[in-house]
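Here is a short report on one structure. Look at the structure first, then read on.

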Amino acid sequence: MLAFLDDPKVLHGIYALGALTLFFIGLYGLLAKRHLLKMLISIAVMELSVYLLFIGLATSPGETAPILSDGLTAFTDMADPVPQALTLTAIVIGLAVLGLGVSLAIQYHRLTGKVDVASMTELKEL
Amino acid sequence: MTLPLTPVWFVALPLLLAFASPLWVRLRLLMPLLVGTPAALLLLAFVLLPEVRTAPLLETIVIAPPLGIHLQLDSASWILVALISFAGLLTNAFIWLADGEPYLRDRRAFVFLLLLIAGCNGMVLTGDLFNLYVFLEIAGVSAYALSALRRDASALEAGLKYLIIGSVAAVFFLFSVVLVYLQTGQLNLAAIAVGFGEIPGPMQILIGLLMLVGLGIKAELFPFNFWVPDIYQGSHPAVAGLYSGLLVKVFLFVLFHLVFLLLADPKVVGIWLMGLGAATMLIAEVVALRQEDLRRMLAYSSLGQIGLITLALGFGVEATTAGGLFHMVNHTLVKLLLFLTAAVLLRSFVSAQLADLAGAGRARPLAAALFVLGALAVMGLPPLSGFASKLWILKGFAEAGVFWPVALILLAALIEAGYYFRWIKVLYDPSVQLQAVHPVGRLAYAPMAVAAGLIILLGVAPFLVDALFSEGAQALLDRGATLTAVLGAGS
């Protein structure tokens, strides 16, 4: 019954739609929420959606992981390894930035008791 | 064994030295290395200069193109690399010699400053779109951390704001990279440039818009630059000088490098970028008029000059591009000088507000004199370097018969004169007796004197560097030569 999902076009369409929905959820969170952690999470959601889009659209049904093992000796019918390598790199970078952001937010909260971007008042237009 | 002198050292040396920092603390080499690393990179740049001027240096590590790490040093990226090393050298020398805030002189600041230099060099040199994203994040993360280093409320606020807006920019840029790869199957910039024309039109526009948002935020173009003054005000002035003098220039260069390389006809987007540049320039200059904080005023003035450079580069003619590259260098020297004087004034009088600095000219005569020199150079008065580069840009527009940018640039210079003279007048206010609270060592003025000397030298004798900037503009604009050099003659 779900055989139509094996059609790369249908599958890629679903992936693209899902990833874009996630992207706009992140964008909405970023623009609508003022809590520091919520904004950081929104950015993380946006990043995730880009990774999903990349991996989803770069792989077609029937392709296996690009690893030579279990009797596989030649690179046939394998997914393009480049997007996966790039996504791993991007995940690591995204995690590092998120970690830095959360630690700055915690320090800021300890120092001032504020968690709200809108209430940041040290630096602003006179 | 001899180590070959290749462009990879511009990235590898600061990275290696930064991550070996615990060793340097133990050997008490932290400060000498902080200054020595950019000095060594500057030396390397000058050693490679004769080679770069004959032909662009290409370096491919690991596999053959299009796979592998790919670095490209041509005349245009040489100018930027030399500028990055020089700006790093002056700022680091100031941090060492001024003997100031301890948080800027410990291991963390050392690591972040060197990583910032490594990231900027990488962005300028790389010939690979994904590496560009990685270097963008390296430079970005070190900049966020440098902003927040003081760890008081205003520094943390600046760091957080910078981190949030910078991450959003990086997400948009990554999105465009992903779309480019899905469409062309390539990451090498030259290979993408060959295939870019075959991408369907709407997708090209989407990729272009995502890149513009990502790089526009980072390059502080209107309307993506609302956050900039906050960051400059919250950071230490020396660090803000690095952002204005170095980081923004690198992102502008990357933006225009991509425009000139990927698009067969850059004129299509050039006119839009010129519009953004003009809007950035005029709005920033007008808002700068009413700033009461020295750092905010300098931030808006920096945005104005960024707009001017965008206007010049967006036109895409050799004369304005060469003038724009020259103005990049001049503006870096001037803004480093102005932000370092701001650092001295902030340290001496504990405040950077206009009202608190009245009469500062007599308590700190040297700093005030250097501020006046920098202000005159920003406005573009002869015989200072700002005059030479602005004249070059204006001549380029006039020769092409396009006069609206000329009028706008002159108008912007008038507004600049307005707000800089307001500050100069207050600095030399005779009715107030101001006493310096904290001492500033004589040696702190040495890096500022070097910058001031270069501003005068380049203004008096611009013919010393004319040829170099013309070659840089040609290298930046000549798409065919780059493609042939990277992919071989057949393509």
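Predicted model: local features only at pLDDT ≥ 70, side-chain atom pairs only at ≥ 80, totals over all residues.

The contact takes 31 residues from chain A and 29 residues from chain B. Two residues are in contact if their C-beta atoms, placed from the backbone, lie within 7 Å. Three helices of chain B, H6, H7 and H10, each supply at least two residues of the side that touches chain A. Helices are DSSP runs (H or I) of at least four residues, numbered from the N terminus. H7(B) gives the largest share of that side, 17 residues.

| Class | Members | Count on the side of chain B |
|---|---|---|
| nonpolar | Ala, Val, Leu, Ile, Met, Phe, Trp, Tyr, Cys, Pro | 19 residues |
| polar | the others, Gly among them | 5 residues |

Residues are numbered from 1 along each chain as its sequence is written, while chains are lettered from A and ligands numbered from 1 in the order in which they are written.

Now helix H12 of chain B, residues 267–288. Its 22 residues reach 31 Å from first C-alpha to last, close to the 32 Å expected. That expected span is 1.5 Å times one less than the number of residues. Buried residues in H12(B) include Leu273(B), Met281(B) and Glu285(B). A residue is buried if 20 or more other C-beta atoms lie within 10 Å of its own, exposed if 12 or fewer, and partly exposed in between. Helices H13 and H18 of chain B are among what covers the buried residues of H12(B).

Pro22(B) lies in helix H2 of chain B. Pro22(B) counts as exposed because it has 10 C-beta neighbours inside 10 Å.
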